[in-house]
Amino acid sequence: MEKSLPLHVCHVSNLSMLINRSHGFLQSTAIAFLIYYRASFFFQDPETRETPWSVWLTVSVCELLLSITWLLGQAYHWRPVTRTVFPERLPEDDKLPAIDVFVFTADPSKEPTVEVMNTVLSAMALDYPSGKLHVYLSDDAGASLTLNGLREAGRFAKSWLPFCKKYGIKTRCPEAYFLASENEDGSVIRTLEFKADREMIQAEYEAFKVRVMSFREDSARSTTNSTSRDHPAVIEVIGMNINEEVKTPLLVYVSREKRPSYPHHFKAGALNIRVSGLISNSPYMLVLDCDHYCNDPTSARQAMCFHFDPKISPTLSFVQFPHRFHNVSKHDIYDGRMRGGFAALYPGMDGLRGPVLSGTCFYMKRESLYGSSIKRGRELPELKTTFGSSTEFIKSLQGNFNGSMTNDGSISCSWPQETKTLASCSYERQTKWGEEASSHPSLIGFLYNSVVEDVMTGLVLHCKGWISVYLNPSRPQFLGTSVTSLSDLVIQGTRWSSGLTDIGLSRFSPIIYGTQRMSFLQSSCYVEVCFFPLLYCLSLWGFGTIPQLCLLNGIPLYPQASSPFFFVFLFIFLSALLKHLYEVLRTGDSVGTLVYEQRLWMMKSVSVHTFGSLDSIMKRLGVREASFLPTNKATDDEKIKLYQMGKFDFQTPTLLLVPMVSVIILNLTSLAVGMTRIMVAGTWDKMFVQLLLACYILTMNYAIIEGMMIRQDKGRIASPVILLSTLLST
């Protein structure tokens, strides 16, 4: 009877669905009246028009673009669902499949080694049979510091893992566990034996950190010809459990070869870890960024509740968990939690065949990436032109190879040279790696040609018939490090905006590629995902400048306050704002969160989305090459202090800061001059909406005004930036 019980249950949010659809209908009706109002202008007598037709057309286009973005986004709200899993109903451990865990790091100066090793240790400590868990650390910098740190982590794991299992520790990231109180973990009985063991393991952990930090000092003094962009392949198996009492998961260090003359395709190139196919070749894999540690050891079993379901497993590619963060302040001024995405949009996509792939915190079926494409009797020479020259690796893809691991936990002697060949920068030459093949329902690994390889890969997987699911348990399964400064936010956001626009302008554009292969609603989600940076930057630049310039010159753009159409505009504005407030309150947040999100939406649209979209267009025109800067995970005490106080740190590149400040100065000027003009001319009725718009923008962006005029700390906006912005806005 137990075996017949479901492993998971899907709950449709009927109330949210009703509210979303009702709001969508009313808002769409109001937008139709708005379009009618704008279009009717062009049928008026030119002699009676108060507004130049070019200005009217421009603001109409901005409104239309914003309306299209909103309309596309309604697909997220069509059928939101949530899911519950029952991991206790899974089969016995000996029937569970093996899992390869991939942890990715790219720069030890921005991704502290101790933090990376904590992620590795938390992955090794997952509640899963140790013989079926294989942890790979992919070091794209080829840093000896990281390799030495991993060796130490392998040694410390022999004490840490038994401690966690003995006392049922839930928080299995050592740093997070020791920073929390004993009661906070809520998973142990505080006996004298436990306290003694805890003190002993904590002392071991502190010694472990000291040793890792000493490697940083040694690496700073050492001289080597290797760099993060020019180094040989290094592959080392750290632990193999041969004749050892404490069994730990296989731990492998992988640093692929990188040379300046060969493209390395950023994280997508690192994700295509062929080495694992030759060593362990597990049917499932967990992908983690180096700062996202495992906060709940049961995540693997929870994911297997879906992969073991015979109804969906044949077409299920991945299970996506939300990105959550351990360092988010109560003043989440940078939207570090990405609440709108993971609490509102992802449940909506989950109701349509699954969410987008989100770079980290997902369990993926290896077969969906490339396995099924070569089980159809193709000849070996043909397969080598697609997957490369390694016969052993092709066997692993065909399912005829179970990896190099033997029954006693050792590795066969033939693996070292073959794995280095697979990790060489020349292996992919004249192959199909990183490409989509239209003749079969699989990819050839993670796709290249975009710095957001996750979204592009997920899009093509969905187009080829695979599905995904989104699981958001009450206890965060993974916790990462959120951005805590405006500089990191704009660098990260510009990279994402550029990558998403790349997809929108590529042959995988969901407008063409997606609509032919997915449902209308699912493809609408992807169109919104890929084009929102471009659509927002165009529309928000228009709303932030055109009405204000017209206000300065006494040119009306909106209906008079006494006109029936005034209430159409007012309804659209208030309806959108109230719907946003409903979403915020429904996820347990306050009105302050709405203010933070509205402010960031405006700030990012005129800076991050603008430069990201321009960067993508320039790449398409061949003006510049793609680049990738990892987000800084290292802590800065001064920036952290400002963040905890809810104050912006405006020490950011001038180029990215000037657009925001210029728009605010223009709105301040237009409000002051426009109000004076209105008081003299008595045109309140005609100019009321433009005054309201300027007031709203300035109210939501008070933090920028404060940084310009009031603050005196180091995080204020520098005088040269204000001067340059003033010149541009005039």
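**Close-up views of a predicted model**

View 1. Asp-140 is placed in the loop that runs between strand E4 (133-139) and helix H4 (144-167). When neighbours within four places in sequence are left aside, the residues in contact with Asp-140 are Thr-105, Ala-106, Ser-228, His-231, Arg-256, Lys-258, Phe-266 and Ala-270.

View 2. Glu-111 belongs to the loop between strand E3 (99-105) and helix H3 (113-124), and its relative accessibility of 7% is the reason why Glu-111 counts as buried. From this loop, the side chain of Glu-111 reaches the backbone nitrogen of Ala-106 at 2.7 Å. Ala-106 is also among the residues in contact with Asp-140.

**View 3. Helix H2 (residues 53-73) and the helices that cover its buried residues.** The 21 residues of H2 reach 30 Å from the first C-alpha to the last, which is close to the 30 Å expected at 1.5 Å a residue. Buried positions are found in H2 from Trp-56 to Gly-73, including Val-59, Cys-62, Leu-65, Trp-70 and Leu-72, together with Ser-60, Glu-63, Ser-67 and Thr-69. The cover over these buried residues includes helix H1 (14-40), and also helix H19 (520-552) and helix H20 (564-586).

**View 4. An open sheet of 3 strands with mixed pairing.** The strands follow the order E8-E13-E10, and the edges are formed by strand E8 (293-294) and strand E10 (324-325), each of which pairs on one side only. Between E10 and strand E13 (residues 478-480), the pairing is in the parallel sense and extends over 2 bridges; within E13, Leu-479 is the bridge partner of Arg-324.

View 5. Of its 730 residues, 57% count as buried, while the chain exposes about 31,000 Å², of which carbon and sulfur atoms supply 60%. Among contacts between residues at least 6 apart in sequence, 81% join residues that are at least 24 apart.

Technical notes. Residues numbered from 1 in each chain as written. Predicted model: local features only at pLDDT ≥ 70, side-chain atom pairs only at ≥ 80, totals over all residues. Heavy atoms only, no water. Helix = DSSP H or I, 4+ residues; strand = E, 2+ residues; numbered from the N terminus. Expected span 1.5 Å × (residues − 1). Buried < 20%, exposed > 50% of the residue type's maximum accessible area, 1.4 Å probe, protein only. Contact = heavy atoms within 4.5 Å. Polar contact = N/O pair within 3.5 Å; in protein donor to acceptor, adjacent residues only side chain to side chain. Areas by Shrake-Rupley, 256 points an atom, 1.4 Å probe, with all protein chains shown as cover. Pairing = 2+ DSSP bridges.
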